[in-house]
Structure formats: structure tokens, C-alpha cells
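User: I would like to go through this structure with you. Could we begin with the overall layout and then turn to individual residues?
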Amino acid sequence: MEGFDKKDEMKEGDSKFREEIFSKAVRAGKRTYFFDVKSTRKDEYYLTITESKKRYDQDGKFHFEKHKIFLYKEDFEKFSDGLNEVIDFIKASQSIEDAEIDIEMTISEDEEEVMTTKDYTSVDFDDLNS
């Protein structure tokens, strides 16, 4: 999904449109993340990051639960550095764990799907098919 420049939509004297400069929506499973560039009264840009999740009430009606972060330009570098460090840590940690619990689908010689996994335990089971 591509972002779009909201300056193209601005109308003269309309302060609501003047505040929003650029938006990018990222759909990720049950969540949608919105990255919105907005402008202060002094025409300085800042970023809002919004997480939106669809929630259902007991009666079946739904609403959107939203969480918002405001990120100002003086914090961009520190925020970006911290975010990248945490993402790198998770990727490095998860790749090790993924190797331990790797499940892959393969096709056997007689064209049947066979699921292979790493050994998780030293318990031996009798083959019931023999």
C-alpha cells in the first residue's frame, strides 16, 4: 500500500487539511498501522504512529481500539536507532529459536506430504504402522 501526499488535497484556509501532510497505512494481520506526517502551527513536521485493532463487544458489535504515539523530529534518530536495535535483537534471537522448532513441509518420494520437525524429546514411541 503506497503513501499519499495530502498537500495535494489541501484547501486554502482549511486548518484540518493543513495539519495532515502525508499518510501511509500498513495492514498487518488483525492490525493496521498508520504513519501520519502532520504539521504544527509553525509548519514543523512530526510523525504519529497509530495502531488500530478491530475489537468485538459481547453483543457482537465492533469498534476500533487505537493506540497512538507522537514522534517529534528531534527524537527521530534516537527512536530509529532504538527501534532498529530491538528489531535486530528479535531477528537474531528468533532465527536461533526458529531453527530449534523448524517445521517444514516436504514431498516424499510417493508424492505424499510429510511434516518433519526437530526432535523435541528423547522419548521413543513404537511405530503403530509396523
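Analyst: The discussion below covers the fold, the salt bridges, selected residues and the surface.

User: What kind of model is this?
Analyst: This is a predicted model.

User: How many helices and strands does the protein have?
Analyst: The protein has two helices and seven strands. Read from the N terminus, the order of the elements is β-α-β-β-β-β-α-β-β.

User: And what share of the residues counts as buried?
Analyst: Of the 130 residues, 13% count as buried. The protein exposes about 11600 Å², and carbon and sulfur atoms supply 51% of that area.

User: What share of the contacts joins residues at least 24 apart?
Analyst: The share is 10%, taken among contacts between residues at least 6 apart in sequence.

User: Turning to charged pairs, how many salt bridges does the structure hold?
Analyst: The structure holds three salt bridges. In general, side chains of opposite charge can pair when their charged atoms come close.

User: Which residue forms a salt bridge with Glu51?
Analyst: The partner of Glu51 is Arg31, and the closest N and O atoms of the pair are 2.8 Å apart. This pair links distant parts of the chain, with Glu51 in strand 4 (residues 45-56) and Arg31 in strand 3 (residues 31-39), 20 residues apart.

User: Is Glu51 buried or exposed?
Analyst: Glu51 is buried, because its relative accessible area is 18% and the limit for buried is under 20%. Arg31 counts as partly exposed, at 33% relative accessibility.

User: Which residue does Lys53 meet in a salt bridge?
Analyst: The side chain of Lys53 meets that of Glu65, with an N to O distance of 3.7 Å.

User: Which residue forms a salt bridge with Arg55?
Analyst: Arg55 also pairs with Glu65, the closest N and O atoms being 3.7 Å apart. Here too distant parts of the chain are linked: Arg55 is in strand 4 and Glu65 in strand 5, ten residues apart. Arg55 is partly exposed, with a relative accessible area of 34%.

User: Is Thr50 buried or exposed?
Analyst: Thr50 is buried, because its relative accessible area is 5%, where buried means under 20%.

User: New topic: where is Ile69?
Analyst: Ile69 is in strand 5. Leaving aside neighbours within four places in sequence, Ile69 is in contact with Leu47, Thr48 and Ile49. The C-alpha atoms of Ile69 and Thr48 are separated by 5.5 Å, although the two residues are 21 residues apart along the chain.

User: Which element supplies the largest share of the nonpolar patch?
Analyst: Helix 2 supplies the largest share, with three residues. Phe79 is found in helix 2 and counts as partly exposed, at 31% relative accessibility.

User: Which residues form the negative surface patch?
Analyst: The negative patch is formed by Glu77, Asp81, Glu85 and Asp88. Glu77 is found in helix 2, which covers residues 76-100.

User: Finally, is Glu77 buried or exposed?
Analyst: Glu77 counts as exposed, because its relative accessibility is 62% and exposed means over 50%.

How values were computed: Residues numbered from 1 in each chain as written. Predicted model: local features only at pLDDT ≥ 70, side-chain atom pairs only at ≥ 80, totals over all residues. Heavy atoms only, no water. Helix = DSSP H or I, 4+ residues; strand = E, 2+ residues; numbered from the N terminus. Buried < 20%, exposed > 50% of the residue type's maximum accessible area, 1.4 Å probe, protein only. Contact = heavy atoms within 4.5 Å. Areas by Shrake-Rupley, 256 points an atom, 1.4 Å probe, with all protein chains shown as cover. Patch = residues over 30% accessible without salt bridge, like charges linked within 9 Å, V, L, I, M, F, W, Y side chains within 5 Å. Salt bridge = Lys/Arg side-chain N within 4 Å of Asp/Glu carboxyl O. Lys, Arg positive; Asp, Glu negative; His and termini not counted. Charge placed at Lys NZ, Arg CZ, Asp CG, Glu CD.
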